[in-house]
Amino acid sequence: MKEYVLITGASSGIGYDLACIFGENNYNLILVARNEKKLNDIKRKLSNKLKVDIRAFQCDLAYSEDIENLYSKILHENLKVKYLINNAGCGSFGKFDNIDIKTDLNLIDVNVRSITHMMKLFIPVIRKTSNGGVLNIASTAAFSPGPYMSVYYACKAYVINITEALREEFKEDNIKICVLCPGPTNTNFQVNAKVTKNSKVKPILMESRKVAEIAYRGFMKNKGVIIPGYNNKILVTLSKLLPNKFLCKVIKRANSN
Ligand SMILES: NC(=O)c1ccc[n+]([C@@H]2O[C@H](COP(=O)([O-])OP(=O)(O)OC[C@H]3O[C@@H](n4cnc5c(N)ncnc54)[C@H](OP(=O)(O)O)[C@@H]3O)[C@@H](O)[C@H]2O)c1
């Protein structure tokens, strides 16, 4: 049975570049996102340049039923998942009471609930492969509270904490469980999250291909926490050293007019 890398949010940004890199390294791909047309266009494009098997599954990760359906289809088609990349994510921006409930609950469903659900379903599958693994995508936002992106920052803290806990739990099971913490990256994310203050992050914006290359290398070396770029490493170090009260003031100012 062929082995596959399952990548959520593979139709754009970091997920797309991760799909390209795993494909270039001869891994078969399972691409997941909501927009079926975009997904199939990418499947065609990658199939033309890569010599690997590529499957595409439409799935809205905000819905448990969609995740269960995705799992059933993958089992039904006998696709053996060796690596799970929980990359799909979304953000929201603004003062807490100005963001509607639906947006923030959807954010929690996609960024927190779905990765938990996906790991519950796929870790038992991955355990049957040799040296399989999970790569979760958090953010440098995971290391501090984030005024005006409060729900997003809190969700990413969950992602890093669950990853590090599971990494320890599965240490003896031959599964690598790693987390990527990108800083501001040039993708559709900022536009989709309606981030209006991105002029401040422009100087430190990384290209998603570069972030994905660092992620791939780090994951293959089984590095627990992967932070791409020197600026982001410095940011994370400072976030760990400085008190949250101070960080809140700085981030609030950065996210304000
Ligand atoms: N860009 C940044 O500055 C940055 C910084 C730190 C961390 N990150 C994290 O990096 C990850 C990738 O983000 P990106 O920057 O590459 O963003 P992106 O370009 O907006 O890509 C997001 C991907 O997730 C998919 N997606 C969104 N909601 C989904 C849902 N409900 N169900 C299934 N798929 C869904 C999107 O496809 P569909 O719309 O077709 O579903 C798309 O393929 C996210 O977890 C994000 O939080 C990004």
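Predicted model: local features only at pLDDT ≥ 70, side-chain atom pairs only at ≥ 80, totals over all residues.

**Salt bridges**

I started with the charge pairs and found 10 salt bridges in the structure, counting a side-chain nitrogen of Lys or Arg within 4 Å of a carboxyl oxygen of Asp or Glu. Residues are numbered from 1 along each chain as its sequence is written, and side-chain values use heavy atoms, with hydrogens and water left out.

I looked up Glu-3 and Lys-80, whose side chains meet in a salt bridge at 3.8 Å, N to O. Glu-3 sits in strand E1 (residues 3-8) and Lys-80 in strand E4 (residues 80-86), so this pair ties together parts 77 residues apart in sequence. For the element names, helices (H or I, at least four residues) and strands (E, at least two) are DSSP runs, numbered from the N terminus. Glu-3 counts as partly exposed at 27% relative accessibility; Lys-80 also counts as partly exposed, at 26%. My cut-offs there: buried is under 20% relative accessible area, exposed is over 50%, and partly exposed is in between, with a 1.4 Å probe and protein chains only. I also noted that Glu-3, Lys-80 and Lys-82 are linked in a network of salt bridges.

Next I checked Glu-24, which forms a salt bridge with Arg-209, the closest N and O atoms being 2.9 Å apart. This pair links distant parts of the chain, with Glu-24 in helix H1 (residues 13-24) and Arg-209 in helix H7 (residues 208-220), 185 residues apart. Glu-24 is partly exposed at 37%, and Arg-209 is partly exposed at 30%.

Then came Arg-55 and Glu-77, a salt bridge with the closest N and O atoms 2.8 Å apart. Arg-55 lies in strand E3 (residues 54-58) and Glu-77 in the loop between helix H3 (64-76) and E4, so the pair ties together parts 22 residues apart in sequence. Arg-55 comes out partly exposed at 24%, and Glu-77 is partly exposed at 36%.

**Nonpolar patch**

Which residues form a nonpolar patch on the surface? I get Tyr-230, Ile-234, Leu-238, Leu-241, Leu-242, Phe-246 and Val-250, with about 740 Å² of accessible area together. Patches are made of residues with over 30% relative accessible area and no salt bridge; like charges are joined within 9 Å, and nonpolar side chains (Val, Leu, Ile, Met, Phe, Trp, Tyr) within 5 Å. The areas come from the Shrake-Rupley method with a 1.4 Å probe, and for residues only the protein chains shown count as cover.

Helix H8 (230-241) and helix H9 (244-254) each supply at least two residues of the patch. H8 gives the largest share, four residues. I picked out Leu-238, which lies in H8 and is partly exposed at 43%.

**Pocket and cavity**

I looked up the second largest pocket and got a volume of about 170 Å³. On a 1 Å grid over the protein atoms alone, a pocket is an open set with protein on both sides within 12 Å along at least five of seven lines, a cavity is a set of points where a 1.4 Å probe fits but cannot get out, and lining residues have an atom within 4 Å of a point. Grid points are joined across faces, edges and corners, and a volume is the space filled by probe spheres set on the points.

The lining of this pocket includes Asn-131, Arg-167, Glu-168, Lys-171 and Asn-222. Helix H5 (150-169) and strand E6 (176-180) each supply at least two of the lining residues. By class I have two nonpolar, four polar and four charged residues; Ala, Val, Leu, Ile, Met, Phe, Trp, Tyr, Cys and Pro count as nonpolar, Asp, Glu, Lys and Arg as charged, and the others, Gly among them, as polar.

The structure holds one cavity of 30 Å³ or more, and the largest cavity has a volume of about 40 Å³. Among its lining residues are Asn-86, Val-110, Ile-137 and Lys-156. H4 gives the most to this lining, three residues.

**Backbone angles**

Asn-26 has a positive phi of about 70° although it is not a glycine. Asn-26 is placed in the loop between H1 and strand E2 (28-33) and counts as exposed at 60%. Asn-78 also has a positive phi, near 60°. I find Asn-78 in the loop between H3 and E4, partly exposed at 49%.
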